[in-house]
Amino acid sequence: MARTAEVVRKTKETDISVTVDLDGTGVCDISTGIGFFDHMLEAFGRFSCIDLKIRTVGDLHIDMHHTVEDTGIVLGQAINKALNGFKGIRRFSHAYVPMDETLTRCAIDLCNRPYLIWNVRFQRDKVGEMDTELFKEFHQALAMHLGACVHLETLYGENSHHIAESGFKALARALRTAVELDPKTGGAAPSTKGVL
């Protein structure tokens with residue numbers, strides 16, 4: 001069965017469509033109107049091996065907040081929908097991603113009990129034109145709407161570009177394993193309760 005989904009969400013602030021294929025190869029077609037955010041989402045798709053098509057039109061004449069947060073909401077909803085009740089997946093995973101002087105760790109549990117631990121600090125207020133505080137907003141929205149418990153921590157680092165990018169890549173690598181089908185589950189949700 002194909003593990004794909006499409007979610008469309010339109011509000012007064014944003015108009016977003018996201019299509020995902022959990023069993024893809026990381027092919028990305030992304031346009032949010034924010035260059036650095038597109039770069040991060042492409043890294044996320046590539047290293048998670050999730051095919052992504054994202055179209056976001058947001059109220060960038062105000063600021064980038066709604067565009068970034070709402071993209072996280074819709075991406076989380078699309079991955080959750082494609083997981084179809086979290087049946088047969090590995091569920092838990094973690095990844096360490098070094099990027100020059102920076103090292104970031106992500107641990108994830110696809111448990112349908114969303115939570116975010118965010119131990120990430122930036123040296124600057126912006127990367128390119130993007131406010132660094134928006135990276136937490138994206139990850140928070142993604143975790144809440146995906147139904148994932150995400151612990152993301154930059155263990156050390158100085159360059160804000162590297163800190164942001166290693167975080168997206170660590171989340172991607174952890175998610176890549178967590179969404180994989182585990183033949184030992186027999187297609188059931190990986191929980192002693194029998195449902196997630």
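**Figure 1. Salt bridge between R55 and D29.** In this predicted model, the side chains of R55 and D29 form a salt bridge, with an N to O distance of 2.8 Å. R55 belongs to strand β4 (residues 51-58) and D29 to strand β3 (residues 28-31), so the pair ties together parts that are 26 residues apart in sequence. R55 is partly exposed, at 32% relative accessibility. D29 is likewise partly exposed, at 35%.

**Figure 2. Salt bridge between D109 and R91.** The side chains of D109 and R91 meet at 2.6 Å, N to O. D109 lies in strand β6 (residues 102-110), while R91 sits in the loop between α2 (65-83) and β5 (92-99); the pair therefore ties together parts that are 18 residues apart in sequence. D109 is buried, with a relative accessible area of 11%. R91 is also buried, at 9% relative accessibility.

**Figure 3. Further salt bridges.** The search of the whole structure finds ten salt bridges. One of them joins the side chains of D15 and K10, at 3.9 Å from N to O. D15 counts as partly exposed at 33% relative accessibility, whereas K10 is exposed, with a relative accessible area of 66%. Elsewhere, R90, E180 and D182 are linked in a network of salt bridges.

**Figure 4. The four-stranded open sheet.** Four strands form an open sheet with mixed pairing, in the order β1-β2-β4-β3. Strands β1 (4-10) and β3 stand at the edges with a single partner strand each, so one side of each is left without a neighbour in the sheet. On average, and with direction ignored, neighbouring strands of this sheet are turned by 5° against each other. Strand β2 (residues 14-21) runs antiparallel to β4, and eight bridges join the two. V18 stands opposite I54, a residue of β4.

**Figure 5. Helices lying across the sheet strands.** Helix α1 (residues 35-48) lies across β3 and β4 and runs at about 160° to β3. Helix α2 lies across β1, β2 and β4; the angle between α2 and β2 is about 35°.

Figure 6. Helix α3 covers residues 133-146, and at 1.5 Å a residue its 14 residues should span 20 Å. The C-alpha atoms at its ends are 21 Å apart, which agrees with that expectation. The buried residues of α3 are L134, F135, F138, H139, A141, L142, A143 and L146.

**Figure 7. Cysteines without disulfides.** The count of disulfides in the model is zero, on a cut-off of 2.5 Å between cysteine sulfur atoms. C49 is in no disulfide, and the nearest cysteine sulfur, that of C28, is 9.8 Å away. C49 counts as buried at 15% relative accessibility. For C106, the closest cysteine sulfur is in C149, at 9.7 Å, which is too far for a bond. C106 is buried, with a relative accessible area of 0%.

Notes: Residues are numbered from 1 along each chain as its sequence is written. This is a predicted model: local features need pLDDT of at least 70, side-chain atom pairs count only at pLDDT 80 or more; totals for chains, interfaces and linings use all residues. Side-chain values use heavy atoms; hydrogens and water are left out. The expected span of a helix is 1.5 Å times one less than its number of residues. Buried means under 20% relative accessible area, exposed over 50%, partly exposed in between (1.4 Å probe, protein chains only). A salt bridge is a side-chain nitrogen of Lys or Arg within 4 Å of a carboxyl oxygen of Asp or Glu. Two strands pair if DSSP finds at least two bridges between them. Axes are lines fitted to C-alpha atoms, for helices over the stretch in contact, and angles run from 0 to 180 degrees between N-to-C directions. Contact means heavy atoms within 4.5 Å.
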